[in-house]
There are 2 protein chains.
Amino acid sequence: MRVEVICTGDEVLTGKIVNTNFAYISQKLEDVGLSVAWETTVGDDRESLLQAFRLAGARADAVIVNGGLGPTVDDLSQEIAAQAAGVPLVLNEEWLTKMEDFFRRRSRVMPPNNRKQAMLPTTAEVIDNPIGTACGFALDIGQARFYFTPGVPRELKRMLEEQIIPRLLAKSGLQTTIHLKRFHSYGLGESHVDALLSGVDALVPDGSVKLGFRAHYPQLETKLTVRGRDIDDVRAKLAPVEAEVRKRLGNFILAEDDQTLEGVVLAELTRRGATLTIVETFTSGQIAARLAHLPGAENVFRRGLLSRDLAEIYAAVGVQAPSGETTRETAEAVARAVRQQTGTTYALAVLIDLDEGADRIEFGGTICLAIATADDAASRRSRIVGGREWVRLGAVELALDCLRRQLQGLPVYERTDFEKVDKA
Amino acid sequence: MRVEVICTGDEVLTGKIVNTNFAYISQKLEDVGLSVAWETTVGDDRESLLQAFRLAGARADAVIVNGGLGPTVDDLSQEIAAQAAGVPLVLNEEWLTKMEDFFRRRSRVMPPNNRKQAMLPTTAEVIDNPIGTACGFALDIGQARFYFTPGVPRELKRMLEEQIIPRLLAKSGLQTTIHLKRFHSYGLGESHVDALLSGVDALVPDGSVKLGFRAHYPQLETKLTVRGRDIDDVRAKLAPVEAEVRKRLGNFILAEDDQTLEGVVLAELTRRGATLTIVETFTSGQIAARLAHLPGAENVFRRGLLSRDLAEIYAAVGVQAPSGETTRETAEAVARAVRQQTGTTYALAVLIDLDEGADRIEFGGTICLAIATADDAASRRSRIVGGREWVRLGAVELALDCLRRQLQGLPVYERTDFEKVDKA
């Protein structure tokens, strides 16, 4: 089945907004085993829209159109859809009532120009939008089934997942129970994980498990797309592959599915009623900012201490300033001292020595981090190279991941692919 | 002149990467008075590429193709360009030598598969890429001139700005001296600024100054695109409009052109040899993280203190804990105390009372912030509504902007469009 996507709107065409809706749609389709063959972006322009609809209608089996369902004069999708399909527009009384209710529930009167959103081509099948006034719909243009979706991301997401993907799967004849299992890791590059997981998808010999990746430094997402007759079939197919991925990636898996690294750390701390202090240097608050604003963190995050000047850190926590370069021992001393000072269960100290000179691809930093508890301090040293921003992002992730490892009883030190040298 | 853009590559088509290159190209063209009429994204697929080239070649005057110039087998742009133009590929000896030099300068030997990057259609005009091995080129397909550019963003940017835009402007017959002047502001919405600036572009009656906006909450970018015969003509046209924009937006202009808010704050502090302490609550390090990692901040940023618990902040800086809600006075007391404690020139304290309950669109926060110096403390109170993330982003920008205002001798309090209530 050939699927195309048409994105509409002057804001997208002129680059005023980056087209994240398209990436989202395409990824979602990939996740269920479909793929987009062609994408077109056109502005709020009658002639371009008509031409785009006709071209796609002649080439594709299914077309997802995004945007142009709003109440203003430059929202043209219904009008041009009707024109391309050769049918008139007609007021959909049901959608009109729904919109009036929508406004009434918010104690507002529907402005007259919203009426336009209920004008649909006569042949349109309504696709519900439970969270907005833009009415989704489907109809045939040329040889293709067209699915019209709102430009507002949260409305698009809900409609795509709940309404359009099931229709596409039914149309494609693919088995309609699809499950996406995701693993998030830090420290291993995409090609390394690809090699480590070589053959896992073949554990299910009928090809219904597909392995994929999405890298967003410093994290990597490993995806298993599983197709089956029903949910039990999917579960049965996924189980051995899932177990094998967990075994092969081991401690590097920091979260699964919708979990995040910071969420996992926060949950571990919350579960044991623990509190946390964080000391940062070059990362300048970026580690704390990942964690401390989350709902529930108000009971966990006790104190953050930041300085670009190590002597200032030593003075603030009452550690005798050592001479020479930062070491694991100084990080441990800082973590121990600040834990004592603030009375928290855990203290994380992340001290960074940056290279001298201007930013460049060879620019690096040496990270010494320590996690202190009442009984002990774990620490590691790591060198990351690749420019100031790369060092900063890498250090933030390394620190949060070491904290995760410590909380989960795993070794804080394990060699990662992002380190240049390691004298741990 | 009709311009189209074709983006190529499986990573973009499958949504693995968001297509920021297209938004960049389109904005750059808008900035010089050109616009993109149509965009197509296709994968690394011979048939799709050929079809996309032929369709665009039949519709447009100029087509920018992005991606597919790399050394691997799935990089197909040169091959399909030759096919679409009906000419053979031939080895460009000059580019081959250039690539060999490129590797030699990096003490490496050119891998054999890079040779492919020097294979160009016989009719191609070479477009230099001074920072990579992908060879840009131009040729005619159908009725259009095609410009092939690399997918690597920094290579694309350099080639587009230095080589392709001048060629497009020459082709379009537009006056070729173009200047883009940008103003960054915080606190006024796009429609408000649009109203405030009504008519400024008409100060130059020949229509050679164009006003535009780009909103990225919490900041707004106001753009003046000026066209003229030469740089003196451009300067003469820009001067009265620029002065009028400065007058009308006044204290709300926080930076111009490539400046950033945090960069302006850091420069002001550096210029006077001043030091800074920051106290944060719900923003959790996000304010410090904007500023303290920048080159030069190591001499300015002395200390950051973070906690989600106000009592913890009061205890840490030795302020008597007041009862009841946060006020401007408590923020001032905290700023004064921490400034004394750390001995810095300035101390910024940003205390936030969050609403109770789950995140929702009506969720808000009350921000009390103060900036203390040896002599004085300035403060303001502000209420921002729109969900947790909106409050957090707004508070970070408000705090940095108040610090900018204080450093520039401007009033720290001025009503913004983002505040719900204000009892300053």
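Strand β15 (residues 346-354) of chain A runs antiparallel to strand β16 (residues 364-372) of chain A, and 8 bridges join the two. Welcome to a predicted model, in which local features need pLDDT of at least 70, side-chain atom pairs count only at pLDDT 80 or more, and totals for chains, interfaces and linings use all residues. Residues are numbered from 1 along each chain as its sequence is written, while chains are lettered from A and ligands numbered from 1 in the order in which they are written.

**Confidence**
- The average pLDDT of chain A is 93, and 99% of its residues score at least 70; pLDDT is the predictor's confidence in each residue, from 0 to 100.
- The scores for the model are ipTM 0.83 and pTM 0.84.

**How the two chains relate**

**The interface**
- On chain A, 44 residues are in contact with 44 residues of chain B (contact: C-beta atoms, placed from the backbone, lie within 7 Å).
- Elements of chain A that each supply at least two residues of this side are α2 (20-31), β2 (36-42), α10 (286-291) and β14 (301-306); helices (H or I, at least four residues) and strands (E, at least two) are DSSP runs, numbered from the N terminus.
- The side of chain A that touches chain B has 17 nonpolar, 16 polar and 11 charged residues (Ala, Val, Leu, Ile, Met, Phe, Trp, Tyr, Cys and Pro count as nonpolar, Asp, Glu, Lys and Arg as charged, and the others, Gly among them, as polar).
- The copies meet through the same surface, because 100% of the interface residues of chain A are also interface residues in chain B.

**The 10-strand sheet**
- An open sheet with mixed pairing has 10 strands in the order β17(A)-β16(A)-β15(A)-β13(A)-β14(A)-β14(B)-β13(B)-β15(B)-β16(B)-β17(B); two strands pair if DSSP finds at least two bridges between them.
- At its edges are β17 (377-385) of chain A and β17 (377-385) of chain B, each pairing on one side only.
- β14(A) and β14(B) run antiparallel and are joined by 3 bridges, with Leu306(A) opposite Gly304(B).
- Within chain A, Leu351(A) stands opposite Cys368(A) in β16(A).
- In chain B, helix α12 (residues 328-342) lies across β13 (276-280), β14, β15 (346-354), β16 (364-372) and β17, at about 40° to β16(B) (axes are lines fitted to C-alpha atoms, for helices over the stretch in contact, and angles run from 0 to 180 degrees between N-to-C directions).

**The 12-strand sheet**
- Another open sheet, also of mixed pairing, has 12 strands in the order β6(A)-β7(A)-β8(A)-β3(A)-β1(A)-β2(A)-β2(B)-β1(B)-β3(B)-β8(B)-β7(B)-β6(B).
- β6 (125-127) of chain A and β6 (125-127) of chain B each have a single partner strand, so one side of each is left without a neighbour in the sheet.
- The twist from one strand to the next averages 20°.
- Strand β1 (residues 3-8) of chain A runs parallel to β2(A), joined by 6 bridges; Glu4(A) has Trp38(A) as its bridge partner in β2(A).

**Domains of chain A**
- Chain A is divided into domain 1 (3-172), domain 2 (177-256) and domain 3 (261-407), with bounds from an automatic or database domain assignment.
- The C-alpha centres of domain 2 and domain 3 of chain A lie 31 Å apart.

Terms used:
Two residues are in contact if their C-beta atoms, placed from the backbone, lie within 7 Å.
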